[in-house]
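User: I have a protein model open and would like to go through it with you. Could we begin with its strand pairing?

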Amino acid sequence: MAAALLLRGLRSSASRARHAFPSPSSNPSPFASSLSHRLYSSAAASTATSPAFSLGGVTDPARIRNVAVIAHVDHGKTTLMDRLLRQCGADIPHERAMDNISLERERGITISSKVTSVPWKENELNMVDTPGHADFGGEVERVVGMVEGAVLVVDAGEGPLAQTKFVLSKALKYGLRPILLLNKVDRPSVSEETCDEVQSLVFDLFANLGATEEQLDFPVLYASAKEGWASLEYTKCPPDDAKNMSPLLDSIVQHVRPPKADLEAPFQMLISMMERDFYLGRILTGRVTSGVIRVGDKVHGLRNTDEGVQKIEDGKVVKLMKKKGTSMVVIEAAGAGDIISMAGLSGPAIGHTVANPEVLTALPAVELDPPTISMTFGVNDSPLGGRDGTHVTGAKIGNRLMAEAETNLAINVLPGPLSESFEVQGRGELQLGILIENMRREGFELSVSPPRVMYKTERGERLEPIEEVTVEVDEEHVGFVMTTLNNRKGEVLDMGPVPGTMGRTRIFLTCPSRGLVGLKGVFNSHTRGTGFMHRAFQAYAKYKGPLGTVRKGVLVSVGKGSITSHALMSLEARGTLFVSPGMETYEGMIVGEHSRDSDLEINPVRTKELTNIRAPGKDENIRLSPPRLMTLEEAIGYVASDELIEASFVTPKVIRLRKKYLDANKRKMMKNKIDK
């Protein structure tokens, strides 16, 4: 550790001697002197909101800093964004102010990237909040091209984890120079030695990812986003007058370069985000690459194709907007280097270029990592289908999926194997689970197949996606984790105690993506919520062979009607039930998990036979164990290849599972066909 820190110190001193970065104030920008008379009228200049660094609504590029906040999940990005907004005078109505999606606030995670702008000491800081979960890595990939710097947030107690490596590799790939922020240093288990060790691990991670000498000379800050302070030196509790985020904001201004902007060139902007408005239509968000854009200017959309550049649409800028703090502000003009939103075009989408009519070249689109799993979405054709949802046809489901694919480049939608079905490709169970949940809340009713891993074939060899997994559990659960992951073709890379804790073990391993499907629910149940498991895509590797037994058989209903307590009383010994008395069932519906590896057909609607013997109140003595109710993500990971999930809005807490083929004879016939 000491050797790594000494090497970093030598690199830092040498790099500062060779690469001194001038401050913005030392080199006055020619923007105000050479272009103000040509670009701005006196009337426009009089309406500027911040004359110190803005003329006519166009910000001086030398005063702009575009920076992304990147981190592993739960390391404190969103809380940090709240404190930065409050530090810069923004009105924060509630915690997690940047999370404007209901599911984000409910689950406490960030699902999509958001951009906002805050003023700081006559500078405009365009901040991008990114997701930390591996399933939403596409949101990180598409926004890193808009910024010149990044704040890498690392938990000082946990250190860099799987997703830290992923987001950092994307930042280094685009030449960003990250600022390391060690968060949560106020925790009792975090000491100065712990921070030094984490800093050394981060430095090794930079070096392993091929960082340049300039990138290796990253500045380090210590912070407690929850308490709302940052410091250039290690401290547990700074003085009251220093409990703020000023050191971090000053470091962003000092270490993040202003954008390279050519205001005299024709206007060009690469679309990185897209939203829909009922009145304005498509709202396109991106960074202005060159030139100046004003309301009323004529523009057109371009995209790169195999045949060359193709024009999408001609139009006019109807409205220009910019997110400032937590509100959207209407602006009249914007210049190169700034991140803005515009309305007026209905054709262009994410990855396309908006430019002046004389520009006939499109900007290169962002390259995303390929999806790793796919699921089939289709019409719910069960006997209970059509009762709950308002959008039940294949056409409406297809239109909704196509609209999602336009705004989320990490999702691909293709025609499915059956009529009125669609194959949806994504990064993981959580990403597709969020899509299904959103569709349910919008009134859609559909059936969903279990996730399937997307394989590759290169030189006649079958390849499958491999993921890096980090597990942290109590010592008593280590045996369960090792046995379970070994059964799913996991390979342990490293294992050791968690620094600063007693009785905790951290395991680093690799595992095929198909082996991790459904593991999260089993892991949380066995560790009783005390364990942590994080994963991130690594690469494609040789197929590792079939998995071991990862699930028991199921209890399949052969009756139709209302489930009775009399029938469930005798079925409890057969396994774990998913249903309760009074629920509707049908032939082929899964009502429980069998205690053995094989499926068992049962009749949960059987009623008590009537006799001449009077037994008043006897049925009231039946006591049943509470059923096992699955969340949507648990159901996605649970179902087998011959099963489906029914999703609808009216039953948000009850997920129905069913066999793909409802008739028992047809199930046997299809199974025999597969065995042959």
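User: In β24, which residue is the bridge partner of I373?
Analyst: The bridge partner of I373 in β24 is V453. This is a predicted model, in which local features need pLDDT of at least 70 and side-chain atom pairs count only at pLDDT 80 or more, while totals for chains, interfaces and linings use all residues. Residues are numbered from 1 along each chain as its sequence is written, and side-chain values use heavy atoms, with hydrogens and water left out. Helices (H or I, at least four residues) and strands (E, at least two) are DSSP runs, numbered from the N terminus.

User: How many bridges join β20 to β24?
Analyst: Two bridges join them, and the strands run antiparallel. Two strands pair if DSSP finds at least two bridges between them. β20 is also joined to strand β22 (residues 421–426) by six bridges, again antiparallel, with I373 opposite G426. Strand β23 (residues 446–448) pairs with β20 in the antiparallel sense over two bridges, and there F377 stands opposite V448.

User: Is β20 buried or exposed?
Analyst: Six of the six residues of β20 (residues 373–378) are buried, so the strand is largely enclosed by the rest of the structure. Buried means under 20% relative accessible area, exposed over 50%, and partly exposed in between (1.4 Å probe, protein chains only). I373, M375 and F377 point one way from the strand, and S374, T376 and G378 the other way.

User: Turning to the core, which residues touch the most other members?
Analyst: In the largest nonpolar core, of 37 residues, they are M146, L152, L180, L182, V185, V202 and F206. Such a core is a set of buried Ala, Val, Leu, Ile, Met, Phe, Trp, Tyr and Cys residues joined through side-chain atoms within 4.5 Å. The largest share of this core, six residues, comes from α8.

User: And what is L182 in contact with?
Analyst: Leaving aside neighbours within four places in sequence, L182 is in contact with V154, A156, C195, V198, V220, L221, Y222 and A223. Contact means heavy atoms within 4.5 Å. Apart from this core lies another, of 31 residues, among them I411, F578, A635 and A647.

User: Now aromatics. How many aromatic pairs are there in the whole structure?
Analyst: A search of the whole structure finds six. Rings of Phe, Tyr and Trp (its six-membered ring) pair if their centres lie within 6.5 Å; planes under 30 degrees apart count as stacked, over 60 as edge-to-face and the rest as tilted. The rings of F278 and Y279 have their centres 5.2 Å apart and their planes at 90°, so that pair is edge-to-face. Both F278 and Y279 are exposed.

User: What about Y455 and Y543?
Analyst: They also form an edge-to-face pair, 5.8 Å centre to centre with 75° between the planes. Y455 lies in the loop between β24 (452–453) and β25 (456–458) and Y543 in the loop between β29 (532–542) and β30 (554–557), so the pair ties together parts that are 88 residues apart in sequence. Y455 is partly exposed, with a relative accessible area of 33%, and Y543 is partly exposed at 26%.

User: Which charged end sits over the ring of Y455?
Analyst: That of R462, 4.0 Å from the ring centre. A charge sits over a ring if NZ of Lys or CZ of Arg is within 6 Å of the ring centre and within 35 degrees of the ring normal. The charged end of K456 sits over the ring of Y540, 4.5 Å from its centre.
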